[in-house]
Amino acid sequence: MQDPSRALGAAGLRSALRAGSARVPALPPPLPSRPGPRGRRPLPPFLLSSLPPSLPSPSLRRRPAPASRAAPRPCGRHSRAPGSRPWPCGGSSSVGHCHPDIVKAAHEQNQLLNTNSRYLHDNLVDYAERLSKTLPEKLCTFYFLNSGSEANDLALRLARQYTKHEDVIVLDHAYHGHLTSLIDISPYKFRNLEGQKEWVHVAPVPDTYRGLYREDHEDSVTAYADEVKNIIEHAHKRGRKIAAFFAESLPSVGGQIIPPAGYFQKVAEHVHKAGGVFIADEIQVGFGRVGKHFWAFQLQGEDFIPDIVTMGKPIGNGHPLACVATTKEIAEAFSATGVEYFNTFGGNPVSCAIGLAVLDVIEKEHLQAHATEVGNFLMKTLKEQQIKHPIIGDVRGCGLFIGVDLIKDQAERTPATAEAEDLITRYMEQSWSSSMREASTQLQTTLATQELLKYNQLAKTETSQCRKALCDSLQAGAWKFFSTTCRSKHSSLLLLFPDLRKNIFY
Ligand SMILES: Cc1ncc(COP(=O)(O)O)c(C=O)c1O
């Protein structure tokens, strides 16, 4: 194992120590050429199992280099020349493109040190500790990665290692990532390919508007959960064993679905009985998007705790960062194989600094409360429109996770596929042209990127302007203001705020 001080070079480390402003308060002593006990910081037990054994754990946090060494690069709306188009900054900037706090955190850490995760760094520990405070105590072990797909693939490995089973139950229409393993568990993708693998089982989406059991069913929770139970029984009859039930806490790709409360508890009961685990994919819906809760699975009730939670997208505000949180038991079963978890860039000091800054911004700027407020306003406004426009079959959502389901007829709820597609096209065309652009940009930047309200000192004034723009556009029947995605079969008009942002910035 290479000593980190040797990797940097002693001279390089010393000059990094001498340089810098006084912004980082606690300065550890200079790093010795071989880290001694004073340079080490003990890792909390919950982290140990996620790290390769017998590593040095020196504190590598140092003062930032002088500002002259690397000036921050202008990026996005906040530093662009007036009138110029913003730079493309990615589609998952949940706290705002180029939010100054995030840019600063990345810049400062970049000037100090970025290294692969064999070299332990305080940021990793601090970040795991901060994340653990958002989750139930049971989810106490963290693995850091670079993308949502990586996180879901690792979750699959953890589940299989722990249960010694192979099969996975997924919800119909789901998308869980681009790796081979994840295309296999993504009906949204594999239906276009060679089809379903024998170890994959597809359960119906718990959609009470258009699904198998609707709002008029006497017990849709049990009915949908029993579908999973039947799948398990059927799999057992074929000699197969269930490793995991894998689902987004709120199926987004599958149609902005809000599963009825209690469904996950019942499913978890069946899956646990079969020796499997429950994996909640929070890659799109986590980090306060639902407003009321930090994690979307919490909408199911306090008595529900997944065995594994995967995170991505908003976690790094556009920076490639992802995480898997799980229980000590699952992590221990995984490390018992002796095949250590190693990921070169996962959890590097810059990524963790960014992750910490994102959590700070969500907290400091009360973005969960903001998501609730704007989400409530949108739901109210959209429901008012629903009364006026028969094409709007359903409006559902929570916080800034909202779906608008377009239908051809009330009786059958036939999806208005062509209309939804037309709206997508019109939106794309018009949002970049004429006066519509002004209004839609305002809308998007204000509503979609929750953060910009405060970030641009816009607060209430901008909110009311934005509300007016939304109302005007809705009254004009201009559904084109909304980002839309079509489910191939159900084909709804869906409102998904990260997509709204994409339409401005790409
Ligand atoms: C629910 C869900 N899971 C996983 C992924 C994969 O994440 P990534 O694109 O970061 O690999 C996505 C991406 O769209 C997603 O929406």
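Reply: Let's start with a pair of residues: Tyr143 stands opposite Val324 in strand 7. Before we go on, keep in mind that this is a predicted model, where local features need pLDDT of at least 70 and side-chain atom pairs count only at pLDDT 80 or more, while totals for chains, interfaces and linings use all residues. Residues are numbered from 1 along each chain as its sequence is written, and side-chain values use heavy atoms, with hydrogens and water left out.

Strands here are DSSP runs of E with at least two residues, helices are runs of H or I with at least four, and both are numbered from the N terminus. Two strands count as paired if DSSP finds at least two bridges between them. Strand 1 (residues 141-145) and strand 7 (residues 322-326) run antiparallel and are joined by five bridges.

How many residues of strand 1 are buried? Five of its five residues are, where buried means under 20% relative accessible area, exposed means over 50%, and partly exposed is in between (1.4 Å probe, protein chains only). Cover comes on both faces: Thr141, Tyr143 and Leu145 are buried on one side, and Phe142 and Phe144 on the other.

Now hop over to strand 4 (residues 242-248), where seven of seven residues are buried. Strand 4 pairs with strand 2 (residues 167-171) in the parallel sense, over four bridges. Ile169 and Phe245 are 76 residues apart in sequence, yet their C-alpha atoms are 4.7 Å apart in space.

Strand 4 is also joined to strand 5 (residues 277-281) by five bridges, and these two run parallel. Here Phe245 has Phe278 in strand 5 as its bridge partner. To get from strand 4 to strand 5, the chain passes through helix 10 (residues 263-273), making a right-handed β-α-β crossover. Right-handed means that, with the strands pointing away from you, the path from the first strand over the helix to the second runs clockwise. Strand 5 also holds Ile279, which counts as buried because its relative accessibility is 0%. Between the C-alpha atoms of Ile279 and Val170 there are 10.0 Å, with 109 residues along the chain.

Asp281, within the range of strand 5, takes us to the ligand: a polar side-chain atom of Asp281 lies 2.8 Å from a ligand nitrogen. That's a polar contact, meaning a pair of N or O atoms within 3.5 Å; within protein, one must be able to donate a hydrogen and the other to accept it, and residues adjacent in sequence count only if both atoms are side-chain atoms. Gln284 has a side-chain N or O atom 2.8 Å from a ligand oxygen, and a backbone N or O atom of Gly148 lies 2.9 Å from an oxygen of the ligand. The protein covers 84% of the 390 Å² of accessible area the ligand has on its own, worked out by the Shrake-Rupley method with a 1.4 Å probe (for residues, only the protein chains shown count as cover).
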